[in-house]
Amino acid sequence: MIKAGIVGATGYAGAELVRLLSAHPEAEIAAVSSVSFEGQKLSDVYPAYAFLNDMICENQAAVVEKSDVIFAALPHGLSQELAAQCMAAGKAFIDLGADFRLESEDAYTEWYGGTFLDKELHAQSVYGLPEFFRDKIKGKRLIANPGCYTTCSPLAIAPAIVNGLVSTKGIICDCKSGVTGAGRKPTQGNHFPELNEGFHAYKVACHRHTPEIEQTLSKLSGEDVTITFVPHLLPVNRGILATVYADVKDGVTFADIRKAYEDYYKDEFFVRLLDDDKCADIHNVRYSNFCDISIHHDARAGKLVACAAIHRPDHRPPRLLAAAAVGSAPLETFSLETTSINGASDRCHILTLPYTSVSPYYLYIVMQPLLHNSTTYFPLCVGANPCVRPSRVALSSGMIRGKRRFPTRAHTQVRPYTWITRSTPSFHII
C-alpha cells in the first residue's frame, strides 16, 4: 500500500485529489497539509468529506515525513524547494503546479518570472501527460502534472499533427474554462454577480499556458510550433472546452483524418472519439476523467476543427487534474493508470452508517451523490421493521429501484450496515 500525501489539500485541485486517492486500491492518504487551514479537519473545510475523510490538516514537513508519494497542489514558485526535499528523502514527487512543466528556463522566466533553482532537478522531471509520454513517465520520481488548457488542446489536435495531416503553422486554440480554473481564492473577476450571465475572453495572446501547449505540440511534430491561444471564462463551475483550428494539407481527406484519430486513441481508455455528427460537450464528461473529442472538416475553408472537452475542478489534469496526478502516479508507484477513476477500480468503496432512525428519502439523499453517473449494486441491511428484509438496490442517475420498495411508514429503524460500491466516490466538492 502506497502512502500518499497532499500538500495544499484544501484548494480545488488538492480536494479533488483527496477524492480520487480515497478510492485507489493501492494507496492510502497518509497526511494532508494546508497553510490556511492548518489544525482544522479537512471535512470542516469541505463538509462533503464528513465521515469519509476527517483528517487534520498538518504542515508540509509532516506530509513529507509520513508519505511515500507527495502530491503538491501549490501555486507556481512554491514547489521547487519542496521537490528537492522529497528527492533528498527518497520520496516520489508529483507537482500539480507549473514549476516543472516547462523544459526551457528562459520560457519559465518569460512567462512566470522565476528561475530554475536546481537545474539538475529539472532535468530529472518528466511531463506527465500519459497519452503522449507514458513510456517516459515510467520509473520517474519527479513528475510535472500538465495544466488544464495544456491537456485539452493537444489532445484535440495531436493525431492530425503526428500524422502530418495538418500544417503546424497558424494553429488556433480557442478555449473556454469554468471559473474554478482560477482557484479557490475569491476575486472581483470570479465574484458571482460579475461572472453570472457574462462570457468573455481573458489574457488574450498572453496566457501562461501558451508555451506549455507549444512545447507539447513541438515535441509531437518534431518542429517548432507557434500557436494563437485565446481563453474564455464561462459562467460555470468547472470544465474545459478546447476548439482547435488547423489548415488541412492538400490531398488529405476527412476519412484520412478520422482514421488517424481512431488509430491514435484506440488504446486510450479515457479518450472518447465521438461520431461525426456529435460535438464534444463538457456536460457529457461531468465529474469524470474522460476527454471527449469531436472532429469536423470545414472543406470550404480547408480547415480541421477539433473539439475536446474535459471536466475537472480547477481543470488541471492531463485531463486528469488531480486525476492526472493519479493517472501519472500509477505508472511509477501504482499498478494501473485507470485504477480508481471513473469506476475502473477493482476495489470496493465502503461506507458504514451507524444504527439510526432515518427516513428512506434521507438514505437516498446520502447515497445518491456518491453514485453520480453510475449504476451500482450494494447490500442494504434493514432491521427493526419485520416487513423489510435485506435487498439489493440500484441507484442510477437519481433513480432508486430494487426488488422491494422502501417501507411506506415515515421512518424505519436501520441497523448498522455497510454500503459497498465499485465506483469512485463522486460526491461533489464544487
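Is proline 75 buried or exposed, and what is its relative accessible area? Proline 75 is exposed, with a relative accessible area of 52%; exposed stands for over 50% relative accessible area, buried for under 20%, and partly exposed for values in between, using a 1.4 Å probe and protein chains only.

The views below come from a predicted model, in which local features need pLDDT of at least 70 and side-chain atom pairs count only at pLDDT 80 or more, while totals for chains, interfaces and linings use all residues. Residues are numbered from 1 along each chain as its sequence is written, and side-chain values use heavy atoms, with hydrogens and water left out.

**View 1. The protein chain as a whole.** The protein chain has 13 helices and 21 strands; helices (H or I, at least four residues) and strands (E, at least two) are DSSP runs, numbered from the N terminus. Of its 430 residues, 55% are buried. A contact is defined by heavy atoms within 4.5 Å. Among contacts with a separation of 6 or more, 71% are between residues 24 or more positions apart. The accessible surface comes to about 18,700 Å², and carbon and sulfur atoms hold 51% of that area; the areas come from the Shrake-Rupley method with a 1.4 Å probe, and for residues only the protein chains shown count as cover.

**View 2. The loop that holds proline 75.** Proline 75 is found in the loop between β4 (69-72) and α4 (80-88). Its C-alpha atom is separated by 8.7 Å from that of aspartate 99, a residue 24 residues apart from it along the chain.

**View 3. Histidine 122 and its surroundings.** Histidine 122 belongs to helix α6 (residues 119-124) and is buried, with a relative accessible area of 9%. Leaving aside residues up to four places away in sequence, histidine 122 touches Gln80, Asp99, Phe100 and Phe116. The side chains of histidine 122 and glutamine 80 are joined by a polar contact of 2.8 Å. A polar contact is a pair of N or O atoms within 3.5 Å; within protein, one must be able to donate a hydrogen and the other to accept it, and residues adjacent in sequence count only if both atoms are side-chain atoms.

**View 4. Salt bridge between glutamate 212 and arginine 101.** The two side chains meet in a salt bridge, at 3.4 Å from N to O; the term requires a side-chain nitrogen of Lys or Arg within 4 Å of a carboxyl oxygen of Asp or Glu. Glutamate 212 lies in helix α10 (residues 210-221) and arginine 101 in the loop between β5 (92-95) and α5 (105-112), so the pair ties together parts that are 111 residues apart in sequence. Both glutamate 212 and arginine 101 are buried. The count of salt bridges comes to 14.

**View 5. Two further salt bridges.** In the pair of lysine 176 and aspartate 174, the closest N and O atoms are 2.8 Å apart, and both residues are buried. Aspartate 263 and lysine 259 form a salt bridge with closest N and O atoms 2.7 Å apart. These two residues are four residues apart in helix α11 (residues 254-264), and are therefore separated by about one helical turn. Aspartate 263 is partly exposed, with a relative accessible area of 38%.

View 6. For cysteine 175, the nearest cysteine sulfur is that of cysteine 173, 5.6 Å away. Cysteine 175 is buried, at 0% relative accessibility. The sulfur of cysteine 279 is 6.1 Å from the closest cysteine sulfur, in cysteine 307, which is too far for a bond. Cysteine 279 counts as exposed, at 54% relative accessibility.

Methods. A disulfide is a pair of cysteine sulfur atoms within 2.5 Å.
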